[in-house]
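Hello,

Here is the structure for you to take over. My notes on what was found follow below it.

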Amino acid sequence: MILAIDQGTTGTTCLVFDDQAELIGRAYREFAQHFPRPGWVEHDAEEIWRVTQAVAGEALDDAGLRPGELEAVGITNQRETVCVWDPRTGEPLHRAIVWQDRRTAGRCDELRAAGHEALVRARTGLVLDPYFSGTKIEWLLDNVPGLRERAEEGRAALGTIDAWLIYKLTGEHATDPSNASRTMVFDIGAGAWDPELLELLGIPVRALPEVRPSCGTLGMTRPEALHGHAVPVAGVAGDQQAALFGQACVAPGLCKSTYGTGSFVLQNTGSERPLPTPGLLGTVAWGIGERLDYALEASIFVTGAAVQWLRDGLGIIEDAAESEPLAASLQANDGVYFVPALTGLGSPHFDPYARGTIVGLTRGSTRAHLARATLEAIAYQTVDAVRAMEAVSGEPLTELRADGGATANAWLMQFQSDLLGVPVLVPEIAETTALGAAYLAGVGVGLWTIDRIGASWHERRRYEPAMSADERETLQHGWRRALERARGWVEA
């Protein structure tokens, strides 16, 4: 049996899989979001740990596991979010700075103006953007009193969410290459922390976790940390790389899109590292043994989070599922577009100064128009990302494998297929992020093989495009006009 911990941006899901990769137990809880200033997003790392520990216990109870039946733990996590803690006591030294946080946009501009972006692109495959962890770490070191001295003396531990959970579960300060590759200070070609980038941002390497393979034993859980179970943490990957693995995209050329808080399109490029490409990212997919596999990625910052904003920020829906019948109640969008740049724009635009914008409102506009515009925006942003990837590869997309919570929304999936003009396929197991973590852990303890995983993918539902080319172009023309009005809104 494998426990998969999927620590996301708004909550933690834990799933238990048996030796046939069948789902036998689950649990989920949300946790608080903190917005201390406009553009700032934080989490309480200790709350994340408490929720994760509780949800893991609930999932194990739901599965009815007996002592000794749990074989391994897999972890997947929100990426780029930075934690800092005292390695002796395990107490956080500041709230976690979330991947959505924009506080270091100005610092990224300074680094770009100083000519450092080419170095960042060449070494890391990333762009200079506050999305990534490096400038978040620098901000913590510069703004938390005494933290830089503590870090230099080995009295502070820094890391992404996976490193925090690994530490709390095992006592080890470790991460994997997929998460390390999102920090902006990791050389994805060499597979190691980059001394020049660390010096540029003033980050002491001794405060960073050891980089270990994504698959294999990263540490043994302490019984008191995991409800009496002492088993290996045997698989770790950032959420999007885990979803790529869970979608069985284990061969070069295969790609998927995950719809969560944000949306992420990844294409496996195998052992060939992607060349730096405008608007897109090169990243480590996973590290197994001594080998690193890579992926080309488009990262969209706000998709599901926009639906959550309709619920929590505006109060116009009571739950996310309500958006589907509202959208379907209209024959058309009536010219209403919503650009959900609530934390800036990601791929292929990477504009931290864009802000959320709604255009086309009239006296006849209703909450149904806002719900529809929000769902449409998810699809428009995915099309922008896919088209950028097609321009790089020179090969048109023939199908899109989709996963994540929004795949439950049939209206959205049909609209996505219509806009792309290709089938959208939803797998049997929608929680492919957690499944990927379980697969990695299962391979790590010898329960499964990569070949078996590659043959394991099965389609649950297929959406075929039904929209005319003219209608598709008209809708996308309106989207492009709205997009231009959202960009560069905040003055640097």
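Arg 79 lies over the face of Phe 264, 5.3 Å from the ring centre. A charge counts as sitting over a ring if NZ of Lys or CZ of Arg is within 6 Å of the ring centre and within 35 degrees of the ring normal. Arg 401 is placed in this way too, with its charged end over the ring of Trp 457, 4.0 Å from the centre.

This is a predicted model, in which local features need pLDDT of at least 70 and side-chain atom pairs pLDDT 80 or more, while totals for chains, interfaces and linings use all residues. Residues are numbered from 1 along each chain as its sequence is written, and side-chain values use heavy atoms, without hydrogens and water.

Phe 264 also belongs to a cluster linked by ring pairs, together with Trp 99, Tyr 131, Phe 132, Phe 301 and Phe 350. The structure holds 17 aromatic pairs (rings of Phe, Tyr and Trp, the last by its six-membered ring, with centres within 6.5 Å; planes under 30 degrees apart are stacked, over 60 edge-to-face, the rest tilted). One of them joins Tyr 131 and Phe 132: it is tilted, at 4.6 Å centre to centre and 45 degrees between the planes. Both residues are buried (under 20% relative accessible area, 1.4 Å probe, protein chains only).

In helix 2, residues 105-113 (a DSSP run of H or I, at least four residues, numbered from the N terminus), the buried residues are Ala 105, Cys 108 and Leu 111. They line one face of the helix, because they fall within an arc of 120 degrees seen down its axis (by directions from the axis to the C-beta atoms). Just after helix 2, Gly 115 has a positive phi of about 85 degrees.

Regards

Key: Buried < 20%, exposed > 50% of the residue type's maximum accessible area, 1.4 Å probe, protein only. Helix = DSSP H or I, 4+ residues; strand = E, 2+ residues; numbered from the N terminus.
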